[in-house]
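Hi everyone, thanks for coming.

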Amino acid sequence: MTQTKTIAAIATPLGRGGVGIIRLSGPKAVQIACQLTGKDSFTPRLASFCRFYDANDNVLDEGLVLYFKAPHSFTGEDVIELQGHGGMILQNQLLARVFELGAHQAQAGEFSYRAFDNDKLDLLQAEAIADAIDATSAAAASSAIRSLTGAFSNKINELLEALIELRLYVEASIDFPDEEDVDFLSDGVIEGKLTAIQDKLNTIMATAQQGQLLRDGVHVVLAGRPNAGKSSLLNSLAGQERAIVTDVAGTTRDTLQETIVLNGLTIHLTDTAGLRDTTDAVERIGIERARSAINQADLLLLVYDLSQQEDPIALASELFGNSESGTPNFDSSKLLLIGNKRDLLEQDVQQHLANIETVTGYDQVNVSCETSAGIEQLIATLCDKVGFHPPENSLIARTRHIDALRRTQQHLNDAHEQLVHYQAGELVAESLRQGQHSLGEITGEFSADDLLGRIFGSFCIGK
């Protein structure tokens, strides 16, 4: 669909740099470039050295002009790139001149939206652009690039084709029953095809869940009593002295956040104030913030001092739960017990504590932040705890993709139940139609305008 206005934006970060790029897209892009440079025309895909002039023919800057003729451009429209010198003043002056010549300020994600709107890429690929830019690890960046090149879209489209083919078969069988009076609902053909689609969907779901972890990471909170070693553990995992560590109880009075990458998994790590009763007004506010962070955690690491010989389950119940029941009021699947200061214990006691998981029934790792003993085991256990085992060719995924896949799974499960237990052909067809609709939301085949607005509005300006 041809857009009616020409948009422009700075496509490189503002600041001091060797090159700064301004991108234009739309029907007046070439005309504006000609007026800006005094040239009569530009050859597509050939860089032209030019000077850029203001309204009084004063030179604003000089650099290269690149012309990408529609439809062979990123947006599918005429696209011009002005490559001048980097620097806020030069770039803003050049952009202001472009606006004077008739361009409009591009909104966040508007270039990518036009590419989507003109069928240059699907919604999955458009999202992968933003994910590649925002990647916090090499694994996440590689996965985003694979999605950008269409690897994820191909898997979804193959599944859609199989689902559409099955829908056609079911609906044709309903409308034109076999003259030999063979019951198509019980002959095994539809069930076999449906089961094959469900198996492929389950495989894609597993890959997408790993991709979501790659993209979003996990929010991990360190909690425990004062002086248990929470801040020391944050420093050990971060590989640098991020938190102040002293022997004075209550040193950490506020939440401290650090983003780190461990074994390819992005972890948003939050250190918290030690949990205890206190009359100190400032420390009490820090404890309230600590409890708020705990409630929002994907994974809670309860750090306690092994040398104090505390019962970690009783401690968890005291800090997070109901002491009367003797069990923590916190999802055990999100709780990981961290026994710290193992270097202060005798060897036979360390061996006993190594088997504590069989006693408590909770995952536990014993570490020493002083000697780094057990840190590698902690990292491996943390990845296992959140189910992070990405395949070599993983694909980036978002929460909305997971939601759409889950709804598709449910519709296919409904179709299977209607087929096997009730022999209801019309209901099978309807469930397959709903499954196709849910699956099509991922690539943008079925997408509401407000959803597209939210997605592209989260992009940076100039992309």
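Let's start at Asn340, which lies in strand E11, residues 335-340. (Strands, E, at least two residues, and helices, H or I, at least four, are DSSP runs numbered from the N terminus.) A quick word on the source: this is a predicted model, where local features need pLDDT of at least 70, side-chain atom pairs count only at pLDDT 80 or more, and totals for chains, interfaces and linings use all residues. Residues are numbered from 1 along each chain as its sequence is written, and side-chain values use heavy atoms, leaving out hydrogens and water.

So, is Asn340 buried or exposed? Asn340 is buried, at a relative accessible area of 3%; buried means under 20%, exposed over 50%, partly exposed in between, with a 1.4 Å probe and protein chains only. Its side chain reaches the backbone nitrogen of Cys369 at 3.4 Å. Leaving aside residues up to four places away in sequence, Asn340 touches several others, including Ala228, Tyr304 and Ser368; contact means heavy atoms within 4.5 Å.

Now the sheet. Six strands make an open sheet, ordered E8-E9-E7-E10-E11-E12, with mixed pairing; two strands pair if DSSP finds at least two bridges between them. Strand E8 (256-262) and strand E12 (364-366) are at the edges with a single partner strand each, so one side of each has no neighbour in the sheet. Further in, E7 (residues 218-224) and E10 (residues 299-305) run parallel, joined by five bridges. There, Gly224 sits opposite Val303 in E10.

Notes. Polar contact = N/O pair within 3.5 Å; in protein donor to acceptor, adjacent residues only side chain to side chain.
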